[in-house]
Amino acid sequence: TDYPNSSKYRWVWKVENSEEISQDHFTELDSEVTAQKILSFLDSTPPEFTLDSPQENTTTEINTTSISIKGKVYKEYLPADSEIIISGLRQEDGTALNQINSPLKPSSLWIPNNPDSPVAEFDETIPFPGEGTYKISSQIKNPAGLVSDTKVFWIKVVLVQPNGNIIVHCHNP
């Protein structure tokens with residue numbers, strides 16, 4: 001907000017906290033400190049996201065050693081600076097999966113001036129070390145350290161072993 005008779009601009013991050021910026025709109029990004037304050041303000045709302053697949057709070061059975069998790073992210077000003085965090089635990093023995101931290105991809109679905117449109121998408125592959133039922137948790141974290149709600153789903157890995165032998169004939173001309 002521009003205050004009359006003042007060369008200073010003021011913005012409010014939290015009600016109990018206000019910051020003064022001595023630069024005007026054209027010079028505010030010349031200062032790294034000021035730019036960081038502005039970016040922190042823009043990232044002061046926790047991100048939100050939806051899962052497209054697998055479905056949240058369900059168990060999905062697969063016959064392979066990996067699955068793709070897909071979804072959309074909302075309410076992020078700079079989605080490329082945010083990341084998805086995926087962790088998992090095998091229910092039978094407590095084996096932890098390697099945590100996945102991956103940057104978000106800006107979305108072509110974004111609609112200007114529509115606060116409800118997605119701003120980023122993700123499509124990450126989760127590898128599994130073997131059979132079992134895995135509890136998978138996912139969150140979005142922005143540069144200010146704010147995280148979204150946690151989305152949880154379960155994956156049951158059932159690897160089917162072929163019966164009998166496979167014979168491959170090769171002919172060399």
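Strands here are DSSP runs of E with at least two residues, helices are runs of H or I with at least four, and both are numbered from the N terminus. Two strands count as paired if DSSP finds at least two bridges between them. As a general point, strands of a sheet pair through backbone hydrogen bonds, in a parallel or antiparallel way.

A quick word on what you're looking at: this is a predicted model, so local features need pLDDT of at least 70 and side-chain atom pairs count only at pLDDT 80 or more, while totals for chains, interfaces and linings use all residues. Residues are numbered from 1 along each chain as its sequence is written, and side-chain values use heavy atoms, with hydrogens and water left out.

Now walk across the sheet. Strand β3 (residues 48-53) runs antiparallel to strand β5 (residues 66-74), and five bridges join them. Here L51 sits opposite G71 in β5. Next, β5 is joined to strand β9 (residues 120-127) by eight bridges, again antiparallel. Along this pairing, S68 has T125 as its bridge partner in β9, I69 stands opposite E124, and V73 is partnered with A120. Finally, β9 pairs with β8 over two bridges, in the antiparallel sense. There, P106 is opposite A120 in β9.

Pick out F122 and look around it. Setting aside neighbours within four places in sequence, its contacts (heavy atoms within 4.5 Å) include F49, T50 and L51, as well as I69, K70, G71, K72 and V73. I84, L104 and I140 are also among the residues that F122 touches.

F122 turns up again in the largest nonpolar core, which has 22 residues. A nonpolar core is a set of buried Ala, Val, Leu, Ile, Met, Phe, Trp, Tyr and Cys residues joined through side-chain atoms within 4.5 Å. Buried means under 20% relative accessible area, exposed means over 50%, and partly exposed falls in between, using a 1.4 Å probe and protein chains only. The residues with the most contacts inside this core are F122, I126, F128, I136 and I155. Two or more residues each come from β3, β5, β6 (83-90), β9, β10 (132-141) and β11 (151-157).

Charged pairs are the next thing to find. The structure holds three salt bridges, each being a side-chain nitrogen of Lys or Arg within 4 Å of a carboxyl oxygen of Asp or Glu. K72 is in strand β5 and D52 in strand β3, 20 residues apart. D52 is partly exposed, at 42% relative accessible area. Another joins K151 to E56, with 3.9 Å between the closest N and O atoms. This pair links distant parts of the chain, 95 residues apart: K151 is in strand β11, and E56 is in the loop between β3 and β4 (59-62). K151 counts as buried at 16% relative accessibility, whereas E56 is partly exposed at 32%. D93 and R90 form a salt bridge too, their closest N and O atoms being 3.1 Å apart. Of this pair, D93 is partly exposed at 48%, while R90 counts as buried at 15%.

Now step back to the whole chain. It has one helix and 11 strands, running β-β-α-β-β-β-β-β-β-β-β-β from the N terminus. Of its 173 residues, 33% count as buried. Among contacts with a separation of 6 or more, 60% are between residues 24 or more positions apart.

How confident is the predictor? On pLDDT, its confidence in each residue from 0 to 100, the chain has a mean of 80, and 72% of the residues reach 70 or more. Among the elements, β11 has the highest mean pLDDT (97) and strand β1 (residues 9-14) the lowest (44). Over residues 1-15 the pLDDT is below 50, and this stretch has 29 contacts in the model beyond near neighbours in sequence.

Note on methods: pLDDT is the predictor's confidence in each residue, from 0 to 100.
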